[in-house]
Amino acid sequence: MSKIAAWFEERLGISAVVRFGAQKQVPLHKHTIWSYTGSAILVFFGIQVATGILLAFYYRPTLEAANASLERIMTEISFGWIVRSIHSWSATFMIITVFVHLVSVALTKAYRKPRELTWMTGALLLAVSLFFGFTGYLLPWDELSLAATKVGTDIPKAVPVVGEWATKFLRGGDDVTGDTLSRFFILHVTVLPLVLLLLLAVHVYLIQKLGMSLPLESEIRGEKAPGMSFWPNFVAREAAVWLVLLGLLITVAVLFAPSLGPPADLMAPAPEGVKPEWYFLFLFQTLKLFPAKVGFVSGETIAVLLIGLGALALFLLPLIDNRPETRKGKIVAAAFLAFLAYALGMSVWSLL
Amino acid sequence: MRSRRGSRLAGLALVVLASCLLPSSAVRTASGEGLAIQADPGPPKPEVRTEPLPAGPRSPQERTAVIVFLAWMWPSILVLIYVLRLKVRELDRLASFEEPPSNRPNDGGPAVR
């Protein structure tokens with residue numbers, strides 16, 4: 001056995017990676033608990049990849065076969081309904097964890113110098129995760145997914161100059177058709193995973209290069225927090241978190257497996273109560289709040305531009321909040337909390 | 001003389017041939033067999049589902065398998081977490097001997113004096 005291990009060690013040099021993990025220190029302080037969210041996202045992404053591959057064995061991204069192939073997965077393939085349910089719930093769990101991770105980094109101001117790029121790649125990873133959800137929502141090709149995608153792909157139209165083009169690009173034409181379905185499928189299973197992996201590689205590299213941040217107050221006081229080795233001390237703790245999350249995911253997926261709506265009909269009117277996935281609800285409600293016209297400009301255009309500005313501000317947060325310990329930093333933190341309360345309130349309102 | 005008889009025979013043969021072919025083509029046309037390829041409706045279309053399809057076990061065996069799996073999974077997770085907790089304590093104890101006091105972990109390890 002030791003000879004086999006030595007053979008692999010000679011070729012792969014795994015001990016160097018283990019040594020690096022042992023030398024890497026995870027600082028211990030009152031915010032350390034939030035460090036567990038990063039690896040939890042990776043676990044959910046891994047589950048997404050595995051279940052996605054299993055679903056792709058049977059799913060057919062055509063107008064006639066998409067809904068029927070999912071019906072087959074749910075009724076004919078052994079445990080197909082669980083695989084689909086785990087895929088769907090894992091997406092929800094992953095996006096919740098991404099949000100928690102992002103909020104924890106924002107509130108502890110861990111994005112401050114020199115970790116600006118780590119935050120920016122994280123914000124892009126959030127955008128890619130949301131786009132994953134958006135493209136995946138259409139794939140069952142049922143009444144609700146068609147109507148929600150029509151509404152969703154209509155939103156970019158409100159953007160001046162490039163809006164029309166963006167909508168056409170997303171739909172693969174003027175309207176949501178079979179071309180949109182195949183386009184979303186390709187984006188969902190090839191383009192987005194590649195983009196996500198690339199961003200993830202840069203994000204993880206930056207975390208390894210710059211290390212984990214200390215609380216702001218410790219840094220100001222020049223304190224050195226105690227730490228523990230990443231490998232194996234921190235990873236053993238993380239493994240316990242992964243096990244609990246995995247158990248929760250499987251239990252929820254079994255008990256609350258999502259049903260499959262009737263096949264979409266391109267000629268049928270939109271069903272009542274069309275709503276996007278929960279993570280787009282606050283944007284959906286914001287759009288509904290704006291009047292048709294504000295002066296000479298369309299209300300939707302103003303809403304979309306404001307949302308775009310908000311997203312840009314989130315992306316550039318480390319550059320906006322470049323002095324987090326001063327009064328400016330406190331104002332930015334208050335504004336971020338206000339935004340969180342707004343998003344939560346709007347989501348609840350949309351559900352009522 | 002021979003040529004007249006020959007032409008009569010040829011005429012007769014044509015009449016016989018025509019009388020054989022015409023009724024059969026008339027029958028085929030009347031029954032629509034000749035147009036059957038164009039008008040074939042094919043296999044009956046499956047009914048379009050109008051109600052949501054609930055997700056769940058396909059059979060009692062599958063239902064039992066799922067319940068048994070869930071009942072096995074949670075105790076297994078608890079046992080694994082217990083084993084990991086022991087492992088973490090041991091690792092922290094070892095780390096406390098190796099590292100300088102400033103780097104010692106403060107959760108799970110022995111108290112630093």
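**Note on the predicted model: chains A and B**

1. S90(A) counts as buried, at 0% relative accessibility. The model is predicted. S90(A) is found in helix α5 of chain A, residues 80-107. Not counting residues up to four places away in sequence, S90(A) touches F44(A), I47(A), Q48(A) and L249(A). V43(A) is 47 residues from S90(A) along the chain, yet their C-alpha atoms are separated by 9.5 Å.

2. S347(A) lies in helix α15, residues 327-351. Is S347(A) buried or exposed? S347(A) is buried, because its relative accessible area of 16% falls under the 20% cut-off. A polar atom of the S347(A) side chain lies 2.8 Å from the backbone oxygen of A343(A). Leaving out residues up to four places away in sequence, S347(A) touches W278(A), L281(A) and F282(A).

3. W278(A) leads on to the aromatic residues. One aromatic cluster is formed by F99(A), F131(A), F134(A), F184(A), W278(A), Y279(A) and F280(A). Over all chains, a search of the whole structure finds 16 aromatic pairs. Among them is F134(A) with F184(A), a tilted pair with 5.6 Å centre to centre and 55° between the planes. F134(A) lies in helix α6 (residues 116-138) and F184(A) in helix α9 (residues 178-210), so this pair ties together parts of chain A that are 50 residues apart in sequence. Both F134(A) and F184(A) are buried.

4. The peptide bond from K113(A) to P114(A) is cis, with omega near 10°. K109(A) is also placed in the loop between α5 and α6. Phi of K109(A) is positive, near 55°, and the residue is not glycine. K109(A) counts as buried at 8% relative accessibility.

5. Two further backbone features sit elsewhere in chain A. W231(A) and P232(A) are joined by a cis peptide bond, with omega about 5°. P232(A) lies in helix α11, residues 230-255. W141(A) is not a glycine, but has a positive phi of about 50°. W141(A) lies in the loop between α6 and α7 (143-154). At 2% relative accessibility, W141(A) counts as buried.

6. Now chain B. Its secondary structure comes to 3 helices and 0 strands. From the N terminus on, the elements run α-α-α. Chain B has 113 residues, of which 15% count as buried.

7. The rule finds 2 salt bridges across the interface of chain B and chain A. The side chains of E71(A) and R49(B) meet in a salt bridge, at 3.1 Å from N to O.

Technical notes:
Residues are numbered from 1 along each chain as its sequence is written. Chains are lettered from A and ligands numbered from 1 in the order in which they are written. This is a predicted model: local features need pLDDT of at least 70, side-chain atom pairs count only at pLDDT 80 or more; totals for chains, interfaces and linings use all residues. Side-chain values use heavy atoms; hydrogens and water are left out. A salt bridge is a side-chain nitrogen of Lys or Arg within 4 Å of a carboxyl oxygen of Asp or Glu. Helices (H or I, at least four residues) and strands (E, at least two) are DSSP runs, numbered from the N terminus. Buried means under 20% relative accessible area, exposed over 50%, partly exposed in between (1.4 Å probe, protein chains only). Contact means heavy atoms within 4.5 Å. Rings of Phe, Tyr and Trp (its six-membered ring) pair if their centres lie within 6.5 Å; planes under 30 degrees apart count as stacked, over 60 as edge-to-face and the rest as tilted. A polar contact is a pair of N or O atoms within 3.5 Å; within protein, one must be able to donate a hydrogen and the other to accept it, and residues adjacent in sequence count only if both atoms are side-chain atoms.
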